[in-house]
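Please read it beside the sequence and the model.

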Amino acid sequence: MRLKKTVVAASAVAALALVAACGGGGGGSAGNTQQSYKGGGGAGAGKNATAQGPAAVPSDAASGGTMDVVTWAAPGTLDPTRTYYTDSGEIMNLVTRALTQYVYDPKSDDMVLEPDMATDLGQVSKDGLTWTFTLKDGLKYEDGSPVKAEDVAYAIKRSFAIDTLPDGPTYQLTFFKDGDLYKGPFASAAQLKKMKGYKSDWYSGDDYKGVETDGNKITIHLAKPFPDLDYYASFPVFTAIPQSKDTDPTSYEQHPLATGPYKFADYKPGAELKLVKNDQWDPNTDPGRIQSVDGWDFKFSQNQAKDENAILGDKGNAQTTVSYDNALAQNYKRASTQAPDQLTQGTSPCTYFWYIDMKKITDKRVREALSWAYPYQDAWKASGYIIGVTRQPGTSLLPPGTAGRVEYQYPEGQDGQTTDPAKSKALLKEAGALGFKIKFSYKTDVPESVSGKDAIVKGLKAGGFDPQPVASTSAKERELQSDNNAPLNIRSSGWCSDWPTGGSWFPAIFDGALVGQAGMPNKSNFKEADADKKQSEILHMTPDKSAAAWGEFDKWMQTTYMPVVNVGYAGVAMLHGSKVGGMYNDSTKGMPTFSTMYIKK
Amino acid sequence: MTVSDAMLEASTPDLTPGGAEPDKEIAGRSPMRIAFDRLKSDKIAIACTVIVLVFVVIAIFAPLLCDLFGVKLRDGGSKNLDQFNYPVIGPPDHPFTWKAPLGIQPNTGYDLLAEWLYGARTSLEVASITTVVATVLGVTIGLLAGFSRGWLDRVITFITDFFLSLPFIMVALAVSPMIVQRYAQNQTKLDRAQFISLILILSCFGWMTLARLIRGEVISLREREFIQAARVIGAPTRRILFKELLPNLVAPIVVAVSLGLPAYITAEAGLAYLGIGLTGRPSWGQTINKAVDWFNSYPLYLYAPVVGILLLVVALNLLGDAIRDAVDPKTRR
């Protein structure tokens, strides 16, 4: 899953905000507020296939009121099919129901996978190539019309039209039957021929061989086993979209038809989203959501410092205001010492990487030296992170809470926060690469980015490198990072679990086949035959074995090749007004659990 | 003697015919001399000059002053910070310490006094170079426009109006990312390019008022007898421009300079605050940009650069006013 996305900062003030972190779980708002990072924090690995609605509304919930949500970021799109960022995913969870869903479990303080529109978490055939979901009875759209299995099938078909609806998750292209051939319901034969890399067996239209419906049943056929499909079915991609309402696919995001407890009232992209109660939603069919407040008012591209001050001031509307940005360092201290009840903290399923370009930095000793030279503490603090809260020293690439995760340290003794210039210099000397040029980018218009760059330059110099930062701006940074020909040999970015196993990590960012593709999904240019072979073997394992195998692969890849430096796990610290109740941390996204939130009496 | 000299002298009582006492020596005083004497007796002007001089000394000797206080520029890092990224010594949580007289910058752990001293240097460097460039541009263009009749005057007037109509902030916003893009890979060049482009942008938008003023003065002067006389005896245009006209324009130029300096200091800080100024070196505007969000918990962080700018700008402005009064022959004291 991708980190929160911002629109281009409309004003310099908006650009003051910190780099987006996607974040993680735990930390109750009422009572047991966690003051420190939860070491083995959850990431939503648990499942409960028999959960039944309705979800209990807490006794201190006042019915009604409007919840205000503010953020400096702005979701690029709210089309269910294209929703692939942590923030838009959490927002759409209020509006569109999927086949399965993540529900906050107070007992384990973690997210648990439960059925949503489906009656269970799906039935998989013996060969692992067919999944069947059955829809519940009594599901309705906001206009009162019934939800049909065909509509879910249509939503799935829609997700193959990545030319019309780009930026969404793409696992279906890899795992579903004909995923590489079917191009979605929209393209005509003539348009198909115009697509890049056209092959004669490509097809489009309503007739897709990978999805079948029979009454209330949806059957999905796969090309190769996809043991984590039940997790993937919680993405808004697997909602229901009636084909008759989707006459103009690119503008469907203006008003996606609601199946959840709230529906769109007003949406101004990049600025504001207003939600109101959907009276057609039946709580008895939904084990995870409550409908306590009357409406939601999301305000995007806001001034974070100002909003946080208002929330901590806790007067009037601010009492029912929530921010899903990581608290600024200056406000975090104030909140944690003076108003700990207004702070929601926790872990997140994200890891920040320094992706090392394997084509340009070919000597492994140089890559190891980098991990000793990187000034972890200085760089984190200078970039405005609170160590132990919004940044946690990282060791294994998979973040804590991931199923099958193997804890290891590589290079030996590197606990994820140790800077040792002497070791770095020794390694560089051994490799004959003293003064090796390191090119990484930073944003000149974000003060935190500039000070972070200064700290890194100092650290790398001390470690015997010759740092050559490449200047960029907020508007151009993303483009630079995903440009295969950019003059960089380090790319600084992160990755978040789509579901808590290594299966949503390595095939997505370290698959040799991705090298050179547009958008640069494999930012390390990591292409090794034995690594690709191992990955393909793990993909063919059964779910019970594959999770552990990914954990081992993590250690093997890093010790054998070291294509990245782990520059820390992400964490979250979000602020909310004193009357906001039920705000937990969705540890699968690092967002507030909107679906359980209410206004206190 | 030029006309304005005569006017000035005529306004001094010493020249009243027959009124001079025999034993008092009559001394001729140049207009600049008179202005200087007036300035010397102006207490505010003296105080402001002292303040400005102190800042100039700070700017010139910033590295030495840092050594004197025992602080280093952009040194320290996370060891100066606690778990919340706040400083471990000095304000806001700890008492004053000479180790960091202006405190430590949160998040980065840099010493703020060093940042402030070097920030003064950046401010004055940018402001003084810009003032010189803008003044030279303004005077040259104004002289040319005023003295040439016909098409050249019209073209120059049009260009002046054109520049006046350009929105300054928009141009700065547009140029800044271009510079970053162009020099992305070389930090030293980028810093220099940002510095030069900042001066160019500021001076490109700073010469017009002076040029108009000079043009007006020249138009009124060029018809006077002494210019006519110079023409009659065949003085070349260059001589008329620089030897006859320019000395008469000293007063407006001095005033423009003294009022331009503080304007450029504010402009530099303003651009840095918007995130489009210099990024490679300390500047007051940048510090203010970062400090605004910390004001609630750490006011000194913001006060230091704000007081710096305030003092310097107010002093320069008052000094500018005093100079204007002093060189203006029409003011009487």
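The sections below cover the model, the chain contact, helix packing, sheets and one glycine.

## Model and numbering

This is a predicted model: local features need pLDDT of at least 70, side-chain atom pairs count only at pLDDT 80 or more, and totals for chains, interfaces and linings use all residues. Residues are numbered from 1 along each chain as its sequence is written, and chains are lettered from A and ligands numbered from 1 in the order in which they are written.

## Chain A against chain B

In the contact between the chains, 34 residues of chain A meet 29 residues of chain B. Two residues are in contact if their C-beta atoms, placed from the backbone, lie within 7 Å. On the chain A side, the elements that give two or more residues are helix H6 (304–313), helix H7 (329–338), helix H9 (376–382), helix H11 (447–462) and strand E19 (470–472). Helices (H or I, at least four residues) and strands (E, at least two) are DSSP runs, numbered from the N terminus.

By class, this side of chain A has 18 nonpolar, ten polar and six charged residues. Ala, Val, Leu, Ile, Met, Phe, Trp, Tyr, Cys and Pro count as nonpolar, Asp, Glu, Lys and Arg as charged, and the others, Gly among them, as polar.

## Helix packing in chain B

Helix H6 (residues 151–165) and helix H9 (residues 208–221) of chain B pack at an angle of about 150°, with their axes 10 Å apart. H6(B) is therefore roughly antiparallel to H9(B). Axes are lines fitted to C-alpha atoms, for helices over the stretch in contact, and angles run from 0 to 180 degrees between N-to-C directions. Angles under 35 degrees count as roughly parallel, over 145 as roughly antiparallel, 65 to 115 as roughly perpendicular and the rest as oblique. Thr160(B), Phe163(B) and Leu164(B) of H6(B) meet Met208(B), Ala211(B) and Arg212(B) of H9(B). That contact has four nonpolar, one polar and one charged residues.

Helix H12 (residues 250–273) and helix H13 (residues 284–291) of chain B cross at roughly 40°, and their axes come within 7 Å. The pair is therefore oblique. Among the residues making the contact are Leu271(B) and Tyr273(B) of H12(B), with Trp284(B) and Ile288(B) of H13(B). The class count here is six nonpolar, four polar and one charged.

## Sheets in chain A

Three strands of chain A form an open sheet in the order E1-E5-E4, with mixed pairing. Two strands pair if DSSP finds at least two bridges between them. Strand E1 (46–47) and strand E4 (100–105) are at the edges, each with a single partner strand, so one side of each has no neighbour in the sheet. E4(A) and strand E5 (residues 110–115) run antiparallel, joined by six bridges. Tyr102(A) has Leu113(A) in E5(A) as its bridge partner.

A second open sheet has four strands of chain A in the order E15-E21-E14-E20, with antiparallel pairing. Its edges are strand E15 (391–392) and strand E20 (490–496). Seven bridges join strand E14 (residues 343–356) to E20(A). Tyr352(A) is the bridge partner of Gly494(A) in E20(A).

## Gly568(A)

Gly568(A) sits in strand E21 (residues 564–575) of chain A. Is Gly568(A) buried or exposed? Gly568(A) is buried, with 24 other C-beta atoms within 10 Å. The cut-offs, with C-beta atoms placed from the backbone, are 20 or more other C-beta atoms within 10 Å for buried, 12 or fewer for exposed, and partly exposed in between.

Leaving aside neighbours within four places in sequence, its contacts include Tyr352(A), Trp380(A) and Arg391(A). Gly568(A) and Tyr376(A) are 192 residues apart in sequence, and 8.4 Å apart in space, C-alpha to C-alpha.
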